[in-house]
Amino acid sequence: MAVKTPWWRDAVVYEIYLRSLTDSSADGVGDIGGIRSRLRYLRDLGVDAVWITPWYRSPMVDGGYDVADYQDIDPLFGTLYDARALIDEVHDSGMRIIIDLVPNHTSDQHPWFQDALSAGPGSAERGRYIFRTGRAPDQPPNDWRSVFGGSAWTQVPDGEWYLHLFAAAQPDLNWRNPEVAAEFEDILRFWLDRGVDGFRVDVAHGLIKASDLPDLSIGREDLIEPPDRTDHPHWDRPEVHDIYRSWRRIAESYGGDRIFVAEAWVATPDRLARYVRPDELHTAFNFDFLRSPWRPDSLRSVIQSNMKALDAVGAPAIWVLSSHDVTRHVTRYGRPHTSTVGPRHELPEPVDLEVGTRRARAALLLMLALPGSAYLYQGEELGLEEVEDLPEELLQDPTWHRSGHTARGRDGCRVPLPWHGPVPPFGFAADGVQPWLPQPRHWAARTVQAESDDPNSMLSLYRNALTLRHSLEALGDGEMSWLDSPPEVLVFHRGHGLACAVNLGEKPWELPEYKRLLLASETLQDGKLAPDTAAWLEV
Ligand code: GLC
C-alpha cells in the first residue's frame with residue numbers, strides 16, 4: 001500500500017495578512033469575519049491551507065506582532081468565538097489553518113511586562129525579560145541595534161534598560177527562564193486544543209541571546225539581512241534548538257499532523273536545516289529563494305544547496321516569493337537589482353512592472369514545480385505590486401519612525417486587497433469605508449472580479465497552475481533531477497513524466513522534445529520559450 005505523504009510536505013499555503021484581506025465590520029481593518037467570507041475564494045483558488053498573521057489582543061504597534069494576551073483575540077479582529085467558527089469552517093472547506101506564534105517578545109502592555117516595570121530591579125518579574133544596568137548612567141548595556149532602527153535598549157525610570165530587538169513596545173523575553181518556556185507550552189496547548197493545524201514561529205532564530213550579551217561591533221540595522229556569522233550573539237544561537245525539541249513533543253502528542261513552520265533568517269542552508277531536524281520544527285521558510293536575484297546561476301545554486309541541506313535531515317523545502325515583510329516580487333523583479341527585498345534604506349530604484357510581472361509569472365511555475373511546499377502571500381495571485389507612494393503621514397510600520405524617516409518600511413506590501421468594483425475600497429470593505437491604507441485607483445484592473453474574467457490574468461495563471469499541481473502526481477513532494485541545458489535556462493525533471501523549463505536568458509530557447517505542453521507563463525513563440533518564461537511539459 002502506498003504511504004500517504006504528510007500534508008505539510010507539499011501543501012500550498014496562503015498567507016493572510018489579517019488587517020488587509022477583508023473588513024466585515026466597516027472600520028477599515030480586515031478581520032476574522034472577513035476571512036470567513038473569503039474561504040470559498042481560497043478553496044477555489046486551490047490552496048491547501050491558510051496561515052493567518054497574529055490575531056491576539058494587541059496595542060498594534062507592529063501590526064499585532066506585539067501581543068498583550070496570547071489566549072484572546074483582539075476586538076479589532078473579532079472574538080474567540082469567531083476564531084473557533086473560522087477554524088471549523090476552514091476544516092469544513094477541506095483546508096488547514098496555521099496561526100502565528102510570537103515567542104521572542106511580548107507587547108509592553110502584556111501583564112508580565114507591566115508587572116516587571118512595577119516590581120523593580122532584581123525582581124522575579126524582571127527576570128522574565130532582559131533587564132540590565134547600563135554601561136554608564138546614560139549608556140545602554142551594549143551596542144545591539146533594533147531591527148527597526150535605533151538602539152535595541154530602552155531605559156526605564158529607575159535607570160535599568162530592557163532589550164527589544166524590534167520596537168520599544170516589543171520587549172524581548174528571557175528564554176533562559178523556565179517560567180517563559182512553561183507559559184509558551186500552555187499557549188501551544190491552548191490553540192492546539194482549539195483545533196489549529198500548526199504554528200508559524202515568528203523570529204524563530206532569535207529567542208536565545210548569548211548570556212554575557214557581548215557587543216556586536218557592527219551597526220547592522222536591517223531586518224532582512226541574514227546574520228552573516230554563525231557566532232552571532234542574538235541570532236541563531238545553538239540553544240534555541242532545545243526549545244523546538246520540546247515543542248515538537250507537544251505537537252506529536254496531538255497526533256502528528258500538527259506542524260510548525262519557522263521564520264528563521266540564518267547564514268547558510270546548513271544552519272537552516274538544523275531547525276528542521278526530525279525532532280525539531282517540521283518546516284522552515286527558504287528565504288534564500290526569496291532573496292535570490294532573478295539570475296539562473298543564483299537560483300540554481302540556491303535550489304541545489306538548500307535541497308541538499310534539507311535532504312540530509314529529511315525535511316521538505318518551503319519555497320516562498322513574498323510575505324508581509326518584503327517588497328512584493330512583481331516590483332522586486334522589475335528593478336535593476338532584483339535581490340533587493342527591503343526594508344529599504346536605499347533610494348527607490350526605477351521599476352519596470354511589465355518585466356516584473358512577466359518574471360513573477362515564470363517564478364510561480366518554477367516555485368510550484370520544485371519539490372516541497374510553497375507559501376503564497378495574499379495579493380500575489382493578482383499580481384499586485386508594492387505600493388511605493390503611500391503618503392508619509394499614513395505610514396504605520398515602526399521602521400518608518402525608528403529609522404528617523406529614512407526607511408519607509410513594509411506598509412507598501414500590506415495594502416488591502418481589491419476584490420471587485422471600479423473604485424476603492426474595491427469590496428475590501430463596505431462602500432464608503434476608508435481602508436487603513438489607501439489602495440491605488442488603478443487596482444480597478446487588478447480586482448479578483450476583473451482578473452477572473454481574463455484568461456491571461458495572473459489570477460487565471462495561479463488557478464490553472466494550482467489545479468494542475470493537484471492533479472499531477474509528479475509535483476509536490478519527491479525528487480528532482482536537472483537536465484542538461486545552456487546556463488541561462490533551468491530545466492529539471494519531476495518524476496518520469498514531467499519537466500519544468502525556465503528561460504532566464506535574453507534569447508528565445510528551443511524546447512527539447514516533449515509530448516504535451518501543460519502550462520506556460522507566456523505563449524510560446526514558434527515553439528520556443530521566450531525570455532523570462534517558464535513552461536511545464538509532459539515528457
Ligand atoms: C517577524 C514578522 C514581522 C514582525 C517581526 C517582529 O519578522 O514577520 O512582521 O515585525 O517578526 O515580531
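Start with the shell around the ligand: its residues split into seven charged, four nonpolar and three polar. Keep in mind that you're looking at a predicted model.

Select everything around the ligand and you'll pick up 14 residues. Asp62, Arg200, Asp202, Glu263 and Asp325 are the closest of them.

Pick Asp325: a polar atom of its side chain is 2.4 Å from a ligand oxygen. Then click Asp62, where an N or O atom in the side chain sits 2.6 Å from an oxygen atom of the ligand. How much of the ligand does the protein bury? On its own the ligand exposes 310 Å², and the protein buries 100% of that.

Next, salt bridges. Side chains of opposite charge can pair when their charged atoms come close. With a cut-off of 4 Å between a side-chain nitrogen of Lys or Arg and a carboxyl oxygen of Asp or Glu, the count is 35. For one of these, select Arg9 and Asp477, whose closest N and O atoms are 2.9 Å apart. This pair ties together distant parts of the chain, 468 residues apart. Arg9 is in the segment before strand S1 (12-16), while Asp477 is in the loop between helix H14 (458-471) and strand S14 (480-482).

Last stop: the backbone. Most residues other than glycine have a negative phi, and most peptide bonds are trans. Two places here go the other way. Select Met60, in the loop between strand S3 (56-57) and strand S4 (69-73); this residue is not a glycine, yet its phi is positive, about 60°. Then jump to Pro424 and Pro425: the peptide bond from Pro424 to Pro425 is cis, with omega near 5°. You'll find Pro425 in the loop between helix H12 (398-402) and helix H13 (448-452).

Technical notes. Residues numbered from 1 in each chain as written. Predicted model: local features only at pLDDT ≥ 70, side-chain atom pairs only at ≥ 80, totals over all residues. Heavy atoms only, no water. Near = heavy atom within 4 Å. Polar contact = N/O pair within 3.5 Å; in protein donor to acceptor, adjacent residues only side chain to side chain. Areas by Shrake-Rupley, 256 points an atom, 1.4 Å probe, with all protein chains shown as cover. Nonpolar A, V, L, I, M, F, W, Y, C, P; charged D, E, K, R; others polar. Helix = DSSP H or I, 4+ residues; strand = E, 2+ residues; numbered from the N terminus.
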